[in-house]
Amino acid sequence: MLAISAFLFFPRVSNASGEYTFLSNEIRAVNISNTFSFKVTVSHNMTENIPAEFDRIEVILREGLRYLESYGINTTQCKKLDLKVRYIEYENLNNRSLMSSLNWSSIGDTRLTGVYALEDPENPAGYGEIFISSNIEMNVIVATLRHELLHFLQDTTCSIDSNSELLATRFE
Ligand SMILES: [Zn+2]
C-alpha cells in the first residue's frame, strides 16, 4: 500500500452526528524551537497499535522545520495553531458519511491513508487536524504521519502554495 493523502478544507458543521468517537485523548505542550510552541492532542482507540507517541511527533516536526528551511521557506510561526492527531481505522477514515465533518468534494473516488484538514477560513477554530489510518502497514503509517505533519508546519508558517504537496511527498 502507498501513502495517499490529501489536504481538505474542514468546514465546522454544527450537525456533528457523523463525528467519530475516540476512547483516548492525550495532550502535551510541545516546543520545537525557542519561539515555536503549541499543544498537541493524540486521539485513538486503545485497541489499536498506535505508533504516534509524542516524542516521535516532536522529532518529525523539528526535522520538518529544518527541511522547510532547506528550501528557503520562512519558518516563522505566523498562524497560532494547535495540532490534533487522530488515529482511526482505514475503513472509517474512508467512510464519508462517518467523516462528514470533512469536505470530500475535491477528492473524487480516491481512498486515503491520511488527511490534513485545514481550518475553514470562514470559521477558524485554532487548530490543524490530522487523520491517520491506524490499521495499515507501519511503514505506510509513518510515511503518512510525516507527510501530514509537514502540512501542519506549512499551515502554521503560512507557506502553503503550489509546491506544498510535492514537498510533503518528498518528506515522507
Ligand atoms: Zn499532502
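This is a predicted model: local features need pLDDT of at least 70, side-chain atom pairs count only at pLDDT 80 or more; totals for chains, interfaces and linings use all residues.
1. Thr41 stands opposite Lys84 in strand 4. Strand 3 and strand 4 are paired in the parallel sense, over four bridges.

2. Strand 3 also pairs with strand 2; these two run antiparallel and are joined by nine bridges. Across this pairing, Ala29 is placed opposite Lys39 in strand 3. Strand 2 and strand 3 form a hairpin, with two residues between them.

3. Helix 1 covers residues 54-70, a total of 17 residues. From its first C-alpha to its last it reaches 24 Å, close to the 24 Å expected at 1.5 Å a residue. Just after helix 1, Gly72 adopts a positive phi of about 75 degrees.

4. Which residues of helix 1 are buried? They are Ile57, Ile60, Leu61 and Gly64. Viewed down the axis of helix 1, the buried residues fall within an arc of 105 degrees, so they line one face of the helix. An α-helix has 3.6 residues a turn, so residues three or four places apart point the same way. The face turned away from the buried side of helix 1 carries the exposed residues Asp55, Val59, Arg66, Glu69 and Ser70.

5. The buried residues of helix 1 pack against both strands and helices. The strands are strand 2 (24-33), strand 3 (36-44) and strand 4 (82-88). The helices are helix 3 (138-156) and helix 4 (164-171).

6. The largest nonpolar core contains 30 residues. Those with the most contacts inside this core are Val85, Val115, Ile130, Ile132 and Leu149. The elements giving two or more residues to the core are strand 3, helix 1, strand 4, strand 5 (114-119), strand 6 (127-133), helix 3 and helix 4. Helix 3 supplies the largest share, six residues.

7. Leaving aside residues up to four places away in sequence, Ile130 touches Lys84, Val85, Arg86, Gly114, Val115, Tyr116, Glu148 and Phe152. Among these contacts, Val85 and Val115 are, like Ile130, listed with the residues that have the most contacts inside the core.

8. Cys158 has a positive phi of about 55 degrees although it is not a glycine. Is Cys158 buried or partly exposed? Cys158 is partly exposed, because 13 other C-beta atoms lie within 10 Å, whereas a residue counts as buried at 20 or more and as exposed at 12 or fewer.

Methods:
Residues are numbered from 1 along each chain as its sequence is written. The expected span of a helix is 1.5 Å times one less than its number of residues. The arc is that of the directions from the helix axis to the C-beta atoms. Two residues are in contact if their C-beta atoms, placed from the backbone, lie within 7 Å. Two strands pair if DSSP finds at least two bridges between them. A nonpolar core is a set of buried Ala, Val, Leu, Ile, Met, Phe, Trp, Tyr and Cys residues joined through C-beta atoms within 7 Å.
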